[in-house]
Amino acid sequence: MNRLVICDHPLIQHKLTFIRDKNTNTKDFRELVDEVATLMAYEITREMPLDTIKVQTPIMETDSKVLAGRMLGLIPILRAGLGMVEGILKLIPAAKVGHIGLSRDHDTLQPVEYYINLPTDAQNRQLIVIDPMLATGGSAIAAINSLKKRGCEQIKMMCLIAAPEGVKALHEAHPEVDIYVAALDERLNEKGYIIPGLGDAGDRMFGTN
C-alpha cells in the first residue's frame with residue numbers, strides 16, 4: 001500500500017507560510033516554491049539504495065557510499081509543476097525531466113492529455129510526478145495512468161499541499177504510489193479549491209490570472 005508522507009521539517013513549514021500568504025509577490029512566490037522543492041527532495045530520496053565503492057582519500061583508501069540502482073526522472077504536470085523542477089535538480093542534477101500536459105474537458109470536467117514527452121529510458125527510472133496541488137486528484141491520476149500505459153512502474157507523487165479528497169482518490173486509483181506533501185489541508189470547497197490552500201499555484205507562479 002502507498003504512504004502519505006508529510007514533510008514537516010521546520011524550514012519547509014516556515015517557507016510554506018509565505019507561499020500561502022496572498023501578499024507574497026510573484027518573484028518571492030517562485031523562489032519559495034523552488035526552495036521548498038529542494039528541501040522536499042531530501043525526503044523523497046531518503047530511501048534511494050546505496051552501493052559501497054573504494055575511494056582514495058588524501059590519507060588512505062576507504063569504503064564509501066554512492067547511489068545505486070535506478071536513477072530519477074522528474075515528470076512535472078504542466079504548467080504549475082514546472083516551478084518545482086529546478087529546485088529538485090539543484091540537489092539531483094543527473095535526473096532526467098519529462099513533461100505531461102493535461103487540460104480539462106469542459107463537458108465531462110475530466111483531465112485530457114494534450115502533451116507527453118518522457119525520457120527515452122523512463123521505464124527504467126524511479127519517476128517523481130510533480131504538481132504543487134493535489135485537489136480532486138484527477139490530474140495526478142491521469143498523469144500516472146499515462147506513465148503506466150508506457151510501461152513505467154516505479155512512481156512517486158510530490159506536491160506542496162493536498163486535500164484529503166485528492167489523497168483518497170489517488171490512493172484508490174494507484175495504491176502503490178507514495179505521496180509526499182508539505183501539508184495536508186482541511187478539505188475542498190464547492191468549487192474544488194483546497195481550503196485553506198494557496199490559491200492557483202500556476203497563476204501565482206507565472207503572474208497570470
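Colleague: Which residues does Ile194 touch, not counting residues up to four places away in sequence?

Modeller: Contact means heavy atoms within 4.5 Å. By that rule Ile194 touches Met133, Leu134, Ala135, Ile161, Ala162, Ala163, Asp185, Arg187 and Leu188. One caution on the source. This is a predicted model, where local features need pLDDT of at least 70 and side-chain atom pairs count only at pLDDT 80 or more, while totals for chains, interfaces and linings use all residues. Residues are numbered from 1 along each chain as its sequence is written, and side-chain values use heavy atoms, with hydrogens and water left out.

Colleague: Where does Ile194 lie, and is Ile194 buried or exposed?

Modeller: Helices (H or I, at least four residues) and strands (E, at least two) are DSSP runs, numbered from the N terminus. Ile194 lies in strand 13, residues 194–195. Buried means under 20% relative accessible area, exposed over 50%, partly exposed in between (1.4 Å probe, protein chains only). Ile194 has 7% relative accessibility, so it counts as buried.

Colleague: Which residues does UniProt list for "binding site"?

Modeller: UniProt positions are in the numbering used here, feature names are shortened, and annotations may be inferred rather than shown by experiment. The unreviewed UniProt entry lists Ile194, Gly199, Asp200 and Ala201. Of these residues, the lining of the largest pocket includes Ile194, Gly199, Asp200 and Ala201. A pocket, on a 1 Å grid over the protein atoms alone, is an open set of points with protein on both sides within 12 Å along at least five of seven lines; lining residues have an atom within 4 Å of a point.

Colleague: Where does Ala201 lie, and what is Ala201 in contact with?

Modeller: Ala201 lies in helix 6, residues 201–206. Its relative accessible area is 3%, so Ala201 is buried. Leaving aside neighbours within four places in sequence, Ala201 is in contact with Phe29, Ala80, Pro132 and Met133.

Colleague: Which residues touch the most other members of the largest nonpolar core?

Modeller: A nonpolar core is a set of buried Ala, Val, Leu, Ile, Met, Phe, Trp, Tyr and Cys residues joined through side-chain atoms within 4.5 Å. The largest here has 39 residues, and Ile19, Met40 and Leu160 touch the most other members. Helix 2 gives the largest share of this core, eight residues.

Colleague: What about Arg125?

Modeller: Arg125 sits in the loop between strand 7 (111–117) and strand 8 (126–130). Arg125 counts as buried because its relative accessibility is 9%.

Conventions: 1 Å grid on protein atoms, 1.4 Å probe; cavity = no way out; pocket = protein on both sides within 12 Å on 5 of 7 lines; lining within 4 Å.
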